[in-house]
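Here is a friendly note to read with the model open beside you. Take the points in order, and find each residue as you go.

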Amino acid sequence: MQNEIVHVLNPGKKVKDAQERVAFADTFQNRVLLGDTFFEIREYQAGIAEYETALQGNYTQDVGVVKKLIEGYYNINQYEKVIICAEKIKDKQGFNGSRGQFLYGLSLEEQGRSEEAEENLKPIDKRYSNYEERYILAQFLIKNDKKKEAEEILMDIIVESDHMSKPNRIAYKNVVADVKKLVSTL
């Protein structure tokens with residue numbers, strides 16, 4: 001408990017502790033934990049470097065770590081690298097419908113590959129979840145002259161928001177407000 005409080009108040013200590021674990025035992029797990037620690041403090045470049053190091057050897061296709069790389073590359077606008085990473089694991093279990101696939105779709109859109117982007121964005125449209133991603137999907141559809149499909153997604157979110165638990169209602173308040181605003185403009 002005390003360690004967690006120290007790490008919250010001083011995230012640099014958490015990084016230092018993770019670096020010491022790697023220095024003591026340079027294992028796949030310790031590298032991944034160090035990468036996670038860097039991502040927690042939004043040091044994406046350093047985290048990416050740790051994940052890339054972890055992926056050498058027997059773990060080159062580890063879906064979980066490659067998804068983390070996708071997230072990191074997306075956060076630093078390296079869309080080509082997102083696409084390269086995603087194409088390594090797109091046929092693996094756990095990729096379809098994941099945030100990694102969604103970021104892959106957004107990266108494809110950034111590269112002007114709209115049809116492929118749509119194929120990879122749509123699986124995120126799952127009822128009672130992924131509200132922000134579904135809102136972004138609706139914006140994408142509107143941009144690509146598919147207002148009817150976008151409106152269906154937006155209306156689903158509004159209906160679902162009426163049945164949210166209190167914590168979810170608070171957590172997704174801004175997204176639901178943005179959805180309602182977008183619906184009013186259609």
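How many of the twelve residues of H7 are buried? Keep that question in mind; the answer comes in point 2.

1. **The whole protein.** Please remember throughout that this is a predicted model. The secondary structure consists of twelve helices and zero strands, so the pattern along the sequence reads α-α-α-α-α-α-α-α-α-α-α-α. The C-alpha trace spans about 60 × 40 × 25 Å along its principal axes. Of the 186 residues, 40% are buried. If you take the contacts between residues at least 6 apart in sequence, 44% of them join residues at least 24 apart.

2. **Helix H7, and the answer.** Ten of the twelve residues of H7 are buried, and the helix is mostly covered. The buried ones are Gly-100, Gln-101, Phe-102, Leu-103, Tyr-104, Gly-105, Leu-106, Ser-107, Leu-108 and Glu-109. What do they pack against? Their partners are H5, H6, H8 and H9. Just after H7 comes Gly-112, with a positive phi of about 80°.

3. **How H6 meets H7.** Look next at helix H6 (residues 79-89) beside helix H7 (residues 99-110). Their axes come within 9 Å and cross at roughly 135°. That angle makes H6 oblique to H7, and the crossing is left-handed. On the H6 side the contact is made by Tyr-79, Val-82, Ile-83, Ala-86 and Glu-87, and on the H7 side by Leu-103, Tyr-104, Ser-107, Leu-108 and Glu-110. The spacing in such lists has a simple background: an α-helix has 3.6 residues a turn, so residues three or four places apart point the same way.

4. **How H4 meets H5.** H4 contributes Tyr-44, Ile-48, Tyr-51 and Glu-52 to the contact, while H5 contributes Val-65, Lys-68, Leu-69, Gly-72, Tyr-73 and Asn-75.

5. **Helix H10 and its buried face.** H10 covers residues 147-161, and its 15 residues should span 21 Å at 1.5 Å a residue; the end C-alpha atoms are 21 Å apart, which agrees. Which residues of H10 are buried? They are Ala-150, Ile-153, Leu-154, Ile-157, Ile-158, Glu-160 and Ser-161. Seen down the axis of H10, these buried residues fall within an arc of 165°, so they line one face of the helix. They pack against helix H9 (131-143), helix H11 (166-171) and helix H12 (173-185).

6. **Two asparagines worth a look.** Most residues other than glycine have a negative phi. Asn-77 has a phi near 60°, a positive value in a residue other than glycine. Asn-77 sits in the loop between helix H5 (63-75) and H6, and its relative accessibility of 49% makes it partly exposed. Asn-130 also has a positive phi, near 55°. Its place is the loop between helix H8 (114-121) and H9. Is Asn-130 buried or partly exposed? With a relative accessible area of 23%, Asn-130 is partly exposed, because buried means under 20%.

7. **Distances in sequence and in space.** Glu-116 lies in helix H8 and is partly exposed, with a relative accessible area of 32%. Glu-116 and Tyr-104 are twelve residues apart in sequence, and their C-alpha atoms are 9.5 Å apart in space. Lys-13 belongs to helix H2 (residues 11-24) and counts as partly exposed at 33% relative accessibility. From Lys-13 to Ala-150 there are 137 residues in sequence and 45 Å in space, C-alpha to C-alpha. Ala-150 is one of the buried residues of H10 from point 5.

Conventions:
Residues numbered from 1 in each chain as written. Predicted model: local features only at pLDDT ≥ 70, side-chain atom pairs only at ≥ 80, totals over all residues. Heavy atoms only, no water. Helix = DSSP H or I, 4+ residues; strand = E, 2+ residues; numbered from the N terminus. Expected span 1.5 Å × (residues − 1). Buried < 20%, exposed > 50% of the residue type's maximum accessible area, 1.4 Å probe, protein only. Arc of directions from axis to C-beta. Contact = heavy atoms within 4.5 Å. Axes fitted to C-alpha atoms, helices over the stretch in contact; angles between N-to-C directions. Parallel < 35°, antiparallel > 145°, perpendicular 65-115°, else oblique. Left-handed = near helix turned anticlockwise from the far one by under 90°.
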